Amino acid sequence: MTTLQEPPAATRAGLRPRVVGRTGLYALLLANAVVVTVFFVQAGFASNTLIVLGRLAGLYGALLMAFQLLLVARLPWFDRRIGMDRLTSWHRWTGFSVLWLLLAHAVFIVFGYAQSSSLDPVNQLVDLAETVEGVLRAITALAIIIVVGAVSARYARRRLAYETWHFIHLYTYVAVVLAFTHQVAAGTTFTSSSVAQTYWYAVWGLALASVFLGRLVLPLWRNLRHQLRVTAVVPENDDVVSVYITGRDLDRLPARAGQFFLWRFLTKDRWWQANPFSLSAAPDGRTLRLTAKRAGDGSAALRHLKVGTRVFAEGPYGAFTTLHRTRPDALLIAGGVGVTPIRALLEELHGHAVVIYRVATDQDAVLHDELRELALAKGAELHLVTGPAVPDRLAPQELARLVPDITGRDVYLCGPPPMMNAVLGSLRELGVPRTQTHFERFSLAG
């Protein structure tokens, strides 16, 4: 188990890990945008303004598409510092930017060439597809991106099963390949310069290699190395179950309290289904434990797992760890089954901690006995807050009463979205700096 006696050196020096990761990504994108613009200018301008705008929109759209791949590559360095929830949120909004840029590219190019010919825009598009290499591939790529964008809109996403949405989303990789080959074949920026073409191959090679490494090679290597299996299944109450997992060389698995894995239990009816569950105990180098509430078929099936079942785990993921501490003392706020990473964090944290566990009734307080024992052993304060949502038991005045020095602590928060939104509002009203507030909204996008 990893323990930290004080905030990391980067934090003490004022370089917060999340800021470092975010700044690195922004700087990478900006630098490449500048390089692309330079190559575009060097290639020369077309006489038609619409064609110029269309080509530039296409270049920036393609660059953002490569950046999207990096955002969902699940590279450990970025994930530990930024968190999968933020990376996938940026991926989503970047995706809509890509869609609008590529639509602008197509419209400007078609109308620009139509101005210089006697064809209407529809026939001009058909003519380009028939006479210019790579244009038909570009049209196919744009059609795929439009479909993926439509099913990724919030309204549609809520009505699709994750597996269905994910299967459709995988076609994005087809669009990526088609768009890249179109750029190399037809883009004047790259056809006129071997240096620019080499640069473009390097950008896309790095992006695709990152996805291949983070999404395929690293998970396969870790699972082959650790050979995970279920060792025990323990019901915590009628709706919650804990699963204990062991394997080889778990002391070399870089997991920390507060992180989660995408778990696949390799049974004949569930091997294809991945579920994100947090570690509910700090990794000790021998055993991993997850605790899940029955919320769907995947989590409900955990209760029926047999000892010895093979496990394929992707991760660890998440920035909800002590890596981001800025203060020696902490406040941990859990709601419902969101107590699982909070319980693990309490086990790892040093310094004085206050734990607030929000549930509807005492019977809903899973792992409460463990929390009480841990709090006693570590000299922490534990508050079990029960009752209906109204009046709000975690309103600003209630938090200030339970934790008078709240502005001097790091606050770790995990629970249902409505509860998290309410608590984040309370923290803002109390003046807790954003840099001291740590939370994640789990997502499987990408």
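Gln227 comes out as partly exposed in this predicted model, because its relative accessibility is 23%, and the cut-off for buried is under 20%. This residue sits in the loop that links helix 12 (194-226) to strand 1 (229-235). Its backbone is worth a look too: phi of Gln227 is near 50°, a positive value in a residue other than glycine. As a rule, most residues other than glycine have a negative phi, and most peptide bonds are trans.

Arg74 belongs to the loop between helix 3 and helix 4 (76-82). Its relative accessibility is 8%, so Arg74 counts as buried. On the peptide-bond side, the bond joining Gly315 and Pro316 is cis, with omega at about 5°. Pro316 lies within strand 6, which runs over residues 311-317.

Next comes helix 17. This helix takes in residues 417-430, 14 residues in all, and spans 20 Å from its first C-alpha to its last, close to the 20 Å expected at 1.5 Å a residue. Its buried residues are Met419, Met420, Val423, Leu424, Ser426 and Leu427. These cover an arc of only 160° around the axis, which means that they sit on the same side of helix 17. On the face turned away from the buried side, helix 17 carries the exposed residues Pro417, Pro418, Arg428 and Glu429. Just after the helix, Gly431 adopts a positive phi of about 85°.

That leaves the second largest pocket, which holds about 720 Å³ of space. Its lining is made up of 33 residues, and the closest to the pocket centre are His105, Ile109, Val135, Ala138 and His182. Several helices contribute: helix 3 (49-71), helix 5 (84-115), helix 6 (121-131), helix 7 (135-152), helix 10 (171-186) and helix 11 (188-191) each supply at least two residues of the lining.

Definitions and conventions: Residues numbered from 1 in each chain as written. Predicted model: local features only at pLDDT ≥ 70, side-chain atom pairs only at ≥ 80, totals over all residues. Heavy atoms only, no water. Helix = DSSP H or I, 4+ residues; strand = E, 2+ residues; numbered from the N terminus. Expected span 1.5 Å × (residues − 1). Buried < 20%, exposed > 50% of the residue type's maximum accessible area, 1.4 Å probe, protein only. Arc of directions from axis to C-beta. 1 Å grid on protein atoms, 1.4 Å probe; cavity = no way out; pocket = protein on both sides within 12 Å on 5 of 7 lines; lining within 4 Å. Points joined across faces, edges and corners; volume = space filled by probe spheres on them.
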